Amino acid sequence: MQVFLFNRGYGDADHITQIGLRRTCLIYIILFMIGIAIECSSFTTYGQICVGRAIAGLGVGCTSGLVPVFQAEAAPPAVRGLITGSFQLCVTLGIFLVNCMTYGTSKRSGDWTWRFPIGIQLVWAAILLVGFALCPESPRFLAGKNRWDEAKRNLARMRHLPIDDQAIAIEMEDIRLAKEEDDKRGSASYLECFSMKNMILFRTMIGILIQIGQQVSGINFFFNYGSIFAGYAGIDNPYVFTIILSAVNVVMSFPGILLLDRIGRRPNLLFGCAVMFAGQICTGAVSTAKPGDDQAGKALIFLCCLFVAG
């Protein structure tokens, strides 16, 4: 699944250009639901689970790359950071819910203990599917296709304003100016992302390294193998430990989202990185110095929560 998640957004540009963000998202959501259905319907064939997992991974990987883009294009400028940040909040909520389900099924037996956590993903996918089906296409995409009247109607619908409102006219003018700038630049290739001109390579590497740093920081270790780590650290109930971590993850998403448009992206990132660094170093030191110690286990819960909070 991680291989297909790596593909997220990589091959989407052509699809978006041709059919739009909304339809592209609908296609990948349906693909994800097909993958989940294949997984849940498996009985004795392990290969069927792998195939379903791969298809679901492709669907969720591409969707997770496209949804924030759609949010950014559709959201009013004043709350754009808040709305795009809500995507991360939904991710943390999903992690929290799946940890709760894992705890609930840990003392049960039978097929439903693994079919239910997988199958319930169809509920959230269906909600997202209906939402996109009812949502209008991105005005910026329509403007890029020179469908200005439709773009204006969709923008007015998204803002809940009359089509002749002054605010709609101002935002449509901003979209028009942005399109003119894009037209002046002409078509671009992926290789231009690595050009030395105008510090494009520098900007590309900032985006790439921030995403890499987010993943290699160790956060996925806690959410994927947190229960195993807790067991080795001497914590009595490892499943409760993962629920605590995911709950902290949800709660601390709110300050980050609310402060995004107030103090800026960079201060948020720097503060979060500092807190994660302190939590990670202290966690490693305590778990190495006092393996299996009860008091050290309690300290590890706090230090892991500190890391996740960052």
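Colleague: How many disulfides does the structure hold?

Modeller: This is a predicted model, in which local features need pLDDT of at least 70 and side-chain atom pairs count only at pLDDT 80 or more, while totals for chains, interfaces and linings use all residues. Residues are numbered from 1 along each chain as its sequence is written, and side-chain values use heavy atoms, with hydrogens and water left out. With a disulfide defined as a pair of cysteine sulfur atoms within 2.5 Å, the number that the structure holds is 0.

Colleague: Which cysteine has the sulfur nearest to that of Cys-100?

Modeller: Cys-100 has a relative accessible area of 29%, which makes it partly exposed (buried is under 20%, exposed over 50%, and partly exposed in between, with a 1.4 Å probe and protein chains only). Cys-100 is in no disulfide, and the nearest cysteine sulfur, 14 Å away, is that of Cys-305.

Colleague: How far is the sulfur of Cys-135 from the closest cysteine sulfur?

Modeller: Cys-135 is partly exposed as well, with a relative accessible area of 23%. Its closest cysteine sulfur is in Cys-25, too far for a bond, at 9.7 Å.

Colleague: How are the rings of Phe-70 and Phe-132 arranged?

Modeller: The search of the whole structure finds 1 aromatic pair. Rings of Phe, Tyr and Trp (its six-membered ring) pair if their centres lie within 6.5 Å, and planes under 30 degrees apart count as stacked, over 60 as edge-to-face and the rest as tilted. For Phe-70 and Phe-132 the centres are 5.2 Å apart and the planes at 65 degrees, so the pair is edge-to-face.

Colleague: Are Phe-70 and Phe-132 buried or exposed?

Modeller: The pair links distant parts of the chain, 62 residues apart. Both Phe-70 and Phe-132 are buried.

Key: Helices (H or I, at least four residues) and strands (E, at least two) are DSSP runs, numbered from the N terminus.
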